[in-house]
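This report walks through selected features of the structure shown below, from local backbone details to helix packing and the surroundings of the ligand.

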Amino acid sequence: ADTTVVIIGAGPAGMSLANFLQRRGVGCVVLEMRDRAYVEGRQRAGVIDHRAGEIFAEFGLDGPVSGGGPVETLLEIRTDGAPRLLDVPALAGGRPSRLVPQQMLVRRLIGTFLEGGGDLRFEALDVTPHDLGGDRPRVTYRDTDGVEHELTCEYVAGCDGFHGVSRRSIPDGALTTYSFDHGIGWYTVLADSPAPRYPLMAVSRHGFAAQFARGPRASRFYLQYRPGDDPRQWPDEHTWRQLRLRLGDESLPEGPITGREVVEMRSFVAEPMSYGRMFLVGDAAHIITPMGAKGMNLAIADAYVLARAIIDGAGLDEYSAVCLRRTWDYQEFSRWYAEMVHDAGDDARSGPFRRKLALARLDRLFASPPAAAAFADLMAGTEVL
Ligand code: FAD
């Protein structure tokens, strides 16, 4: 074969897997349809949980890749303007997460892989896997000059996100898929305005809002919007007014808004996460809402399980089952979290009874150390194997 593993997609899943394999001397080729600047500029997630940090450390990548970012300390949950703080790393037994923006992580993973002599091909067009059910799969693609290429390999890693070609190339009927719309609208803006003191979630009658650091002078805000509303039509002044109301902070510093996006609050899982010699990794197999910040961390954890199985030459049969256990655990966590912070503020969405339940769920985090520890354990990320 031309290489051991062809990896389709150079996002967090593909580049984590590529680096893990490279560090253990397993050959791989990464095929990415976009150019390098595009991939390295894609701003999405912001947190590497403690478990993902441990995974990078196991491969000696904590220095070059996941190190250096500020360590998370407290989480602020503000209810109708009243702040309460949770020391999540301490509650998780001293396991802090790190603030590492996704584009920085991907840039570092690409740099480290290429410095190590890795084979990463950008602008690979019409990537198509073949013969996945046999012993010798192939992947074909076209370069920007229109020249066709073919790579034979032992395994194909489908790391090409939710809209990629990998999952689609699995025959109909081989996968069971689960989709769920959480019925919540979320609008996110990226602004050049000072980062909050701590990651901030705000529950209020005006709707949910959150603010997270994306570097010292940038914030990502999230705002719930009501069904039927179109927040892309909101003038920026309205966005800031809503944020001041929901965060209960009349003096919230404003700054130029540099990005506006509607976030789909949707979950999806494909089972199993493999077909023949193709393994689906990260968003190619599952997407999760941003509540709990698990999407990128799931991608890294999947990549770890697959890398270990290929390196050890054992455990590939278990890959899907191991990853799905954690995927469903995190889906449940994300749903639990989303329900709590949205229902607690919003009678219109869920009615007064569910609002009271959500407030009780929220209060329990501050009243019961075991409940808080269970929450913090999931925030820190759970053991993979
Ligand atoms: P992707 O990042 O989608 O990477 C897939 C790669 O494959 C891309 O480079 C793509 O160009 C390439 N590709 C696609 N199709 C092909 C093809 N046919 N051929 C070749 N290459 C292809 N997660 C969190 O943990 N915390 C958060 O706070 C968070 N916030 C988010 C906010 C937003 C607005 C969004 C959209 C997502 C957020 N996520 C968050 C989710 C997180 O970004 C994803 O879970 C993560 O990017 C998954 O990584 P991945 O490598 O599996 O997929």
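## Backbone details in two loops

D80 sits in the loop between β4 (75-79) and β5 (82-86), and in this predicted model the phi angle of D80 is near 45 degrees, a positive value in a residue other than glycine. The loop between β16 (257-271) and β17 (274-275) holds P272, and the peptide bond that leads from E271 to P272 is cis, with omega near -10 degrees. Both details deserve a remark because most residues other than glycine have a negative phi, and most peptide bonds are trans.

## Packing of α8 against α9

Two packed helices are described by the angle between their axes and the distance between the axes. For α8 (295-312) and helix α9, which covers residues 319-343, the angle is about 165 degrees and the axes are 10 Å apart. Since angles over 145 degrees count as roughly antiparallel, α8 and α9 are therefore roughly antiparallel to each other. The crossing in which α8 passes α9 is right-handed.

On the α8 side, the contact is made by L298, A301, D302, V305, L306 and A309, which meet Y319, V322, C323, R326, T327 and Y330 of α9. By class, the residues of this contact of α8 with α9 comprise nine nonpolar, one polar and two charged.

## Packing of α8 against α3

Helix α3, made up of residues 50-58, also packs with α8: their axes come within 9 Å and cross at roughly 35 degrees, and the crossing of α3 and α8 is left-handed. Here R51, A52 and I55 of α3 meet N297, I300, A301 and Y304 of α8, a contact whose residues divide into five nonpolar, one polar and one charged. A301 takes part in this contact with α3 and also in the contact of α8 with α9.

## The shell around the ligand

Which residues come nearest to the ligand? Of the 36 residues around the ligand, these are G9, G11, G161, G282 and G295. The elements that contribute two or more residues to the shell are α1 (12-23), β16 and α8, and α8 provides the largest share, with four residues.

In terms of residue class, the shell around the ligand consists of 18 nonpolar, eleven polar and seven charged residues. Domain 1 (5-74 + 94-178 + 265-335) and domain 2 (183-264 + 346-380) each supply at least three residues to this shell.

Technical notes. Residues numbered from 1 in each chain as written. Predicted model: local features only at pLDDT ≥ 70, side-chain atom pairs only at ≥ 80, totals over all residues. Near = placed C-beta within 6 Å. Nonpolar A, V, L, I, M, F, W, Y, C, P; charged D, E, K, R; others polar. Domains from an automatic or database assignment. Axes fitted to C-alpha atoms, helices over the stretch in contact; angles between N-to-C directions. Parallel < 35°, antiparallel > 145°, perpendicular 65-115°, else oblique. Left-handed = near helix turned anticlockwise from the far one by under 90°. Contact = placed C-beta atoms within 7 Å.
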